[in-house]
Amino acid sequence: MLEMTAGPPIDSHGYRILALGAHSDDVEIGAGGTIVQLLARHPSATVHWVVFAGSGARGSEAEASVRDLLGGSLGSLHLHEVRDGFLPREWGGVKEILLQVARQVTPDVVFAPALSDAHQDHRTLGELAWQAFRGAMILGYEIPKWDGDLMRPSLYIPLSEETVAAKLAHITQHFPSQKDKPWFDEETFRAVLRLRGVECGVRYAEAFEARKVVLSW
Ligand SMILES: [Zn+2]
């Protein structure tokens, strides 16, 4: 195993990060710890954030969560109102939104649902991210769920205990509409982080599907 530390982007601008979530809490669950640590180490980074099923109360939760998580690092926030559970039916509209974002932002890194995600909304967004952002490194994040689709990751980001505690507190605080779902609790999220930590030799980690990575050696 080779441990790597990412430096600043080659053209020395601050990292431009794009976070794509089908639902209001997806990115926080899949990549929240990574994004927080990345911003701590690269304060000049800017994060652009898109939520597709972000209407009503869930949209309000998403906005409050993103603003709290990113503070001054938030570049833009786009909340769309695609019907939850129906992203595949809105395939063309979702792709148009992504292409529009791609005209405005040239991201270095894109966080999107993993291609192997079994949820129809996640999978659709994961596939379309690869069509819209060909120049970026796309990291597919994972979300534990009933479908039982835990992936075999190819990239791990170790998280400190402080980051884990902050991540779990953030999710619990900002998504009260989800608290009655049987899987939505700190134990679930911590278990995934612990398991991924075991796999990469640390206590906790977030894991990603890195289908293509370009190394400059
Ligand atoms: Zn979701």
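**Exercise 1.** Determine in which hand α1 passes α5, and describe their packing.

Solution. Step 1: the crossing of α1 with α5 is right-handed, meaning that the near helix is turned clockwise from the far one by less than a right angle. The model is a predicted one, in which local features need pLDDT of at least 70 and side-chain atom pairs count only at pLDDT 80 or more, while totals for chains, interfaces and linings use all residues. Residues are numbered from 1 along each chain as its sequence is written, and side-chain values use heavy atoms, with hydrogens and water left out.

Step 1: α1 covers residues 26-41 and α5 residues 161-174; their axes lie 10 Å apart at an angle of about 135 degrees. Axes are lines fitted to C-alpha atoms, for helices over the stretch in contact, and angles run from 0 to 180 degrees between N-to-C directions.

Step 2: α1 and α5 are therefore oblique to each other, since angles under 35 degrees count as roughly parallel, over 145 as roughly antiparallel, 65 to 115 as roughly perpendicular and the rest as oblique.

Step 3: the contact (heavy atoms within 4.5 Å) involves Glu-28, Ile-29, Gly-30, Gly-32, Gly-33 and Gln-37 of α1, together with Thr-163, Lys-167, His-170 and Ile-171 of α5.

**Exercise 2.** Classify the orientation of α1 and α2, and name the residues that make their contact.

Solution. Step 1: the axes of α1 and α2 (residues 56-70) come within 10 Å and cross at roughly 25 degrees. Step 2: α1 and α2 are therefore roughly parallel to each other. Step 3: α1 contributes Glu-28, Ile-35, Val-36 and Leu-39, and α2 contributes Ser-65, Val-66, Leu-69 and Leu-70.

**Exercise 3.** Identify the residues that touch the most other members of the largest nonpolar core.

Solution. Step 1: a nonpolar core is a set of buried (under 20% relative accessible area) Ala, Val, Leu, Ile, Met, Phe, Trp, Tyr and Cys residues joined through side-chain atoms within 4.5 Å. Step 2: among the 35 residues of the largest core, those residues are Ile-35, Trp-49, Leu-70 and Phe-111. Step 3: α1 gives the most to this core, with six residues.

**Exercise 4.** Decide whether Gly-201 is buried or exposed.

Solution. Step 1: Gly-201 belongs to the loop between α6 (186-200) and β7 (204-208). Step 2: its relative accessibility is 68%, so Gly-201 counts as exposed, a class that begins over 50%.

Terms used:
Helices (H or I, at least four residues) and strands (E, at least two) are DSSP runs, numbered from the N terminus. Buried means under 20% relative accessible area, exposed over 50%, partly exposed in between (1.4 Å probe, protein chains only).
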